[in-house]
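Hello,

Here is the structure I promised to pass on.

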Amino acid sequence: MYPVSARFLAALAESHTVVTEVVLFKTDGGVERLDHTGGSVTVDRGSAVRRTCTVTLPDPALIPRTPTDKLATYGAKLRISRGIQFNDGAIELVPLGVFRLDDAGGDVDEGPVTLSGKSLEIIVADDKFTTPYRVSGTAVTAITALILRSIPDAEIVSTATDAAIGAKTYDVEADPWVAVLELAATIGAEVYADPDGVFVIEELPDPLTAPVAWTVAAGEGGVLIKADRRMSSDGVFNGVLARGENTESNTAPVSSLVVDTDPNSPTYWSGPFGRRPAFYNSSTLITTGQCTAAASLKLRSAKAPNASADITSLPNPALAPGDVLRAVYDDGTKELHQAHSFTVPLEVGGDFPIRTISAKEDA
């Protein structure tokens, strides 16, 4: 969860004044706030580009007509925030993301103007290779080079354990962001642009060990509006075999099978669910340890949809994908969930649907 004050979290369950901010970073270096009437930011951990946005502006005169107009879609960026104005007048804003402005349009006479954008991963993804691109060395070093290739002033923070990778050459027209995600998988990590626009390389949070970030409770003083829970075995796997064979580095083939070893898990490898393996291959995997890390990363996602929930609560702009939530229902039942995707409204009073995975009882 994005760092906020205890006062902020407490105010979410009370009547409060919502404050939103949309800042435009123009291609000529200018910066200005945009008057807006609504919009939303959608955050999805399962998407290569983690954050997308829409913003509604009331003034149709802002619809761009030439490449030099301030809302022209030729490199301008948006920074969006939502927060609270407390009774004493103090304001606490939480960033929701930095976005490349990709689309701007609307009714030229009456408006409104609708803007849409994607978070900074899209800049790397769109910068396709025009010559063969070779990676080698260590995973974090290679990931860093790929990001800086497209965004020279990018801020990159890594908390993942780095490791050597097998050399690999990506073809012309290949997607550099796909390469970034492949390299991250070799060390059991994920990469994304955070709400401040910083690129983060970190290990995938484990819902079994991660602390509870937020309690979503029903009843007076709570923020829970409703919850729907489901189970499905479609697309669920309880084992991942990761394999690597790199002729470019002249290394021997390596592999590792990682399975669900928890006897209490509904997807236990030796349980009634049966054995349902998935497979992952990458020439960047050159050791058994890397295969294990990559398979472990893939397995967490592969088995997660067995239990999921849709929780609708009062909006919390500080929530992050991977955060563990404790849901407390009207009957006192408690469950732990891991946030997977959600949409933060910029309008006052909008609902806050949260798609969660790995729902389990809170013991």
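Below is what I found, first for the whole chain and then for one residue.

Please keep in mind that this is a predicted model.

Overall fold. The protein has 5 helices and 21 strands. Along the principal axes, the C-alpha atoms fill a box of roughly 65 × 60 × 35 Å.

Surface and charge. Buried residues make up 48% of the 363. The accessible surface is about 16,600 Å², and carbon and sulfur atoms account for 50% of that. I count 30 positive and 47 negative side chains. The centres of these two sets are 4 Å apart.

Where does Ala318 lie? It sits in the loop between strand E18 (307–313) and strand E19 (324–328). Is Ala318 buried or exposed? Its relative accessibility is 1%; the cut-off for buried is under 20%, so Ala318 counts as buried. Beyond its neighbours within four places in sequence, Ala318 is in contact with Met1, Tyr2, Val4, Val94 and Asp323. Trp214 is 104 residues from Ala318 in sequence, yet their C-alpha atoms are 9.9 Å apart in space.

Best wishes

Technical notes:
Residues are numbered from 1 along each chain as its sequence is written. This is a predicted model: local features need pLDDT of at least 70, side-chain atom pairs count only at pLDDT 80 or more; totals for chains, interfaces and linings use all residues. Side-chain values use heavy atoms; hydrogens and water are left out. Helices (H or I, at least four residues) and strands (E, at least two) are DSSP runs, numbered from the N terminus. Buried means under 20% relative accessible area, exposed over 50%, partly exposed in between (1.4 Å probe, protein chains only). Accessible areas come from the Shrake-Rupley method with a 1.4 Å probe; for residues, only the protein chains shown count as cover. Lys and Arg count as positive and Asp and Glu as negative; His and the chain ends are not counted. The place of a charge is taken as NZ of Lys, CZ of Arg, CG of Asp or CD of Glu. Contact means heavy atoms within 4.5 Å.
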